[in-house]
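User: I am new to this structure and would like a close look at one part of it, the disulfides. Please describe where they sit and what surroundings they have.

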Amino acid sequence: MIYRSLVRALITSAALAAGVLLAGCNGDQISLANNAKANQPVPPKLVADMTAKDMDLQSPMLVRIFKQEAELEVWKQDRSGRFALLKTYPICRWSGDLGPKVREGDRQAPEGFYSITPAQMNPQSSFYLSFNTGYPNAFDKALGRTGSQLMVHGDCSSRGCYAMTDEQIAEIYSLGRESFFGGQRAFQLQAYPFKMTPINMAKHRNNPNMPFWKMIKQGYDHFEVTRQEPKVEFCEKKYVFDATKAPDAKRDPVFEASAKCPAYAIPEEVADAVREKQQQDQVEIAKLISRGTPVARANPGIDGGMHRVFAAKLPDGSTGLSEGGDGQGLSLAALSRAPGTIPAHVNPPRGPVTAPQEPLTASLAPAPAAAPAATTRVASAAPNDKSEGFFSSLARKVGLGGDTTATAQPVPAKPKVIEAKRHEASAPKTAPAAKPADTKQAAAKPPLKPSLSDAVAAAPAPAAKDAQVAGSQPIVPANSFDSRFSAVK
């Protein structure tokens, strides 16, 4: 009797453990839309914009962030397989300075390339909705950089994050959710100090971060000439983009952030197009410097930036380290409607107030990406023949599939071999113990926010209970992983 009771107890324990494991594996996917805020549909106007640009609702997406311009771009893959700009969102607040994040508590918002998986989407955020940037990545860790809980979130409040309004993050979150439901395993986040144009590179030529910026500009240029998500690898404490197997290699190269780079190749068509673009950029930079383009002034004491459309709404508002392109000044920006609700506790950058005659960025509304110079060749890149299904993604999480790292489809072209070389760099520093998260907890927000794309700003109706996202998989309650997100922004 005792033996039989013991056997039953062991079988029961094993069954419970298996149930917990299955719940955990599915929890990351299901948690994308397990409450009313996270389950809001993509606004009809944005869906119409996608249709007009030959994009599918659930096609892959990609995000680019620019600190100096205070802009977040959402790109979607169209039916040709290339990425095109869907919408540009002005950033309500970012903190720190131009340059990468180095250590916990420095208030720096990250710069570099990061991969956002369903597990990083947080429907239980204290800042309405959010997703984790994934900082530190392998490159950051190789340099001993530290930090945690670096998010893109709502609430317009930042301590090392990129803060949007609640209405904006609701839209961005819904676009990411639909891309995951369409089979994308991770979307790429590219974070830059500014748009990597010749004029900006000339202005910041004396900045001590320029070597790092030139390195990530390689990835920026790969995307510009191919309109494909660049495949990102790390070795010798540096970024490597679109690396493929060398022609004489028997297996794919293995990359480790702190180790010597293996022999690898970059498709010749891509390498040539990137090289041509960079040569044109260097010529233009040299011309700008010779014409006396001033070096960007130092801004001691200013913490981060804010887009002018928000700064114009605040008494003594300042854009801080952010600046725009051609357009109107703060005085006219104050007359336009802000893209979302600015909370009363917003803390704008402190420092010189932006002069009213200084221009407002012209990219508040969605606009097509600037075409490369006429002499720049665009590398062709064919889209994937098929995208991984929803349940295939889940299978990979439990170890039934292959590598879950999101990669770009290689360009079928003759590769150019790059021989491995030893990088003479100091050993990575030992990362100190993690301190509290860089962001503070905010007051609870109302459950829903109106869409930015609505013609009339009105209080939204609560989402129907157990509503299902159009075109998505059925939403099943995820009990095991709710508590996992509750302590994170």
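Analyst: The protein has 11 helices and 14 strands; these are DSSP runs, with helices being H or I over at least four residues and strands being E over at least two, numbered from the N terminus. This is a predicted model, in which local features need pLDDT of at least 70 and side-chain atom pairs count only at pLDDT 80 or more, while totals for chains, interfaces and linings use all residues. Residues are numbered from 1 along each chain as its sequence is written, and side-chain values use heavy atoms, with hydrogens and water left out.

The structure holds 2 disulfides, a disulfide being a pair of cysteine sulfur atoms within 2.5 Å. Counting bonded cysteines along the chain, the pattern is 1-2, 3-4.

The disulfide of C92 and C156 is left-handed, because the torsion about its S-S bond is about -75°. Both C92 and C156 are buried; buried means under 20% relative accessible area, exposed means over 50%, and partly exposed lies in between (1.4 Å probe, protein chains only).

The other pair is C235 and C261, with an S to S distance of 1.9 Å. C235 belongs to strand β11 (residues 232–235), whereas C261 is in the loop between β12 (238–241) and β13 (264–267), so the pair links parts that are 26 residues apart in sequence. Here the torsion about the S-S bond of C235 and C261 is about 85°, so the disulfide is right-handed. C235 is buried, at a relative accessible area of 0%, and C261 is buried as well, at 5%.

A further cysteine, C161, also counts as buried, because its relative accessibility is 0%.

As for the protein as a whole, 50% of its 489 residues count as buried. Among contacts (heavy atoms within 4.5 Å) between residues at least 6 apart in sequence, 72% join residues at least 24 apart.
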